[in-house]
Each structure stands twice: as structure tokens, then as C-alpha cells.
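Have a look at the model first, then read on.

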Amino acid sequence: MRRLEGKTLIVASHNEGKIREIRDLIGPLGFSVRSAADLAFEEPEETGTTFEENAAIKALASAKASGLPALSDDSGLVVDALDGAPGVYTANWAEREDGTRDFRMAMDKVEQALAERGATQRAERTGRFVSVLCLAWPDGHTEFFRGEAEGHLVWPPRGEKGFGYDPVFEPLGHAQTFGEMEAATKHGWKPGDAEALSHRARAFKLFAETCLAA
Ligand code: IMP
């Protein structure tokens, strides 16, 4: 496992919701963070078929473009009754023909697919958010950290906070959706904490414990 020595990190993302969460999670660790969006790096095409492959594509592109270590997040919603869909295609389900993203439309699609499968009871509406972080160095070395958060798909959507599919995901053991939670509650983690709640915070906990540990 390669340790991260410097305190400057590129966040290899153009997704504002993700960048905000990654800044929140990494801020307390004392990093100076620039995002691929701030630096106007081109967004690479995500041609992989796994979260790991897509995370590596994004992190390596930013590490090579900047000459600095870069951290990416490839994430998605995995719904059991839909055989794992939308999975790595979670962002694609929100894409409109004009190239913009509409998450209300994407949540409707998930709901429609669940209805077509007859998954109307809570027990049939299980799933998880997955986040795979990839830390890449300009020489091509990569490290991966995976976090998952189990929960239920609810309908109708609830809450205006967070981003993406947050309003339809109720994490296990909580009565609120991610969309109803303050960011700190959704993460459920800061450096030093034993537990984390969100998939991204769980992956971050592994990153902090392994790549940053003394
Ligand atoms: P990608 O990793 O850029 O391919 O896209 C992942 C997609 O999953 C995003 O467009 C989000 O809509 C969705 N997603 C990932 N993490 C979260 C989350 O924490 N809350 C809600 N949606 C998420």
C-alpha cells in the first residue's frame, strides 16, 4: 500500500455534489484540494464495466494531467430487484437527450422498473449505494477503497438535501432518506470515528486509515 505523502490532492470529478462531499470529508485531514472541474480538465469517457475500472480511468486522467496524486469516486445505486441496475450506469439513467442530467427523471425510471417487477413491498425494495475511490499517482500507481451503504428504495422521493438519488434512498437503521439528512449526518463520519454511514464516507474511512496512517 503506497502512502500519500504530500498535502495537495486533485479531486478527479466534475460532479458538483460529489466534489462538495469529498471536500467535506477530506477538509479535516488538512489537504488542499483542487477539482478536475476547477482545473478545466477534460472529462474522460467512462468506458469501464465496473466501478473500479471507471474510478481508475478518472483518477489516472487527472493524475497525469496535473502531475499530482488524484482521487476519484465512481459510485452508483445497486437495486436487488433490478438485478443490480442501474449500477455503473447510475449517472446514465439521468441523462437527457440534450446531454443535461435530470435526477427526478432517473428516480422515476427506477420506480417504474421496480413497479414492472412488482416490487411494491418494502422487503422487495432493498439495495445499496456503492462508492469506489481510486487514488492514482502520475506514474500510474493506483489504490482502491470501496464503501457500501445498505438501505431501501422509498417512494415518493423525500428531501431536498444531498444530490442525485438521495431522496429515494433510506439507509438501514434510519427513518430519514439521505435527501432529508444534513451532510454531516449522511457522512456519519469524521477522522477518528469508528463508524461511517454513507458509502462515500465508508470508502473515505478506509482511505484515511490506510493511505494516510502514520
Ligand atoms: P459516476 O460515479 O460519476 O459515474 O456517477 C455516479 C452517479 O451515482 C451520480 O450521478 C449520482 O447520481 C449517483 N450517486 C452516487 N453517489 C450518490 C450519493 O451519495 N447520493 C445520491 N446519488 C449518488
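## Ground rules

Helices (H or I, at least four residues) and strands (E, at least two) are DSSP runs, numbered from the N terminus. This is a predicted model, so local features need pLDDT of at least 70, side-chain atom pairs count only at pLDDT 80 or more, and totals for chains, interfaces and linings use all residues. Residues are numbered from 1 along each chain as its sequence is written, and side-chain values use heavy atoms, with hydrogens and water left out.

## Around the ligand

Strand 3 (70-79) and helix 5 (199-211) each put at least two residues into the shell around the ligand, and strand 3 gives the most, with four. The ligand has 19 residues around it, and Lys18, Ser75, Asp166, Lys186 and Arg200 come nearest; a residue is near if one of its heavy atoms lies within 4 Å. By class, that shell splits into five nonpolar, six polar and eight charged residues. Here Ala, Val, Leu, Ile, Met, Phe, Trp, Tyr, Cys and Pro count as nonpolar, Asp, Glu, Lys and Arg as charged, and the others, Gly among them, as polar.

Now for some polar contacts (pairs of N or O atoms within 3.5 Å). A ligand nitrogen is 2.6 Å from an N or O atom in the side chain of Asp166. The protein covers 97% of the 480 Å² of accessible area that the ligand has on its own (Shrake-Rupley, 1.4 Å probe).

## The pocket

The ligand sits in the largest pocket, meaning that more than half of its atoms lie within 2 Å of the pocket's grid points. A pocket is an open set of points on a 1 Å grid over the protein atoms alone, where a 1.4 Å probe fits, with protein on both sides within 12 Å along at least five of seven lines; lining residues have an atom within 4 Å of a point.

The lining has 38 residues, with Lys18, Glu46, Lys58, Ala91 and Arg101 nearest the pocket's centre. Strand 3 makes the largest contribution to this lining, five residues.

Most residues other than glycine have a negative phi, and most peptide bonds are trans. Ala85 and Pro86 are joined by a cis peptide bond, omega about -5°, and Pro86 is in the loop between strand 3 and helix 3 (103-116). Trp155 and Pro156 are also joined by a cis bond, with omega about 0°. Ala40 is not a glycine, yet has a positive phi of about 55°.

Key
A polar contact is a pair of N or O atoms within 3.5 Å; within protein, one must be able to donate a hydrogen and the other to accept it, and residues adjacent in sequence count only if both atoms are side-chain atoms.
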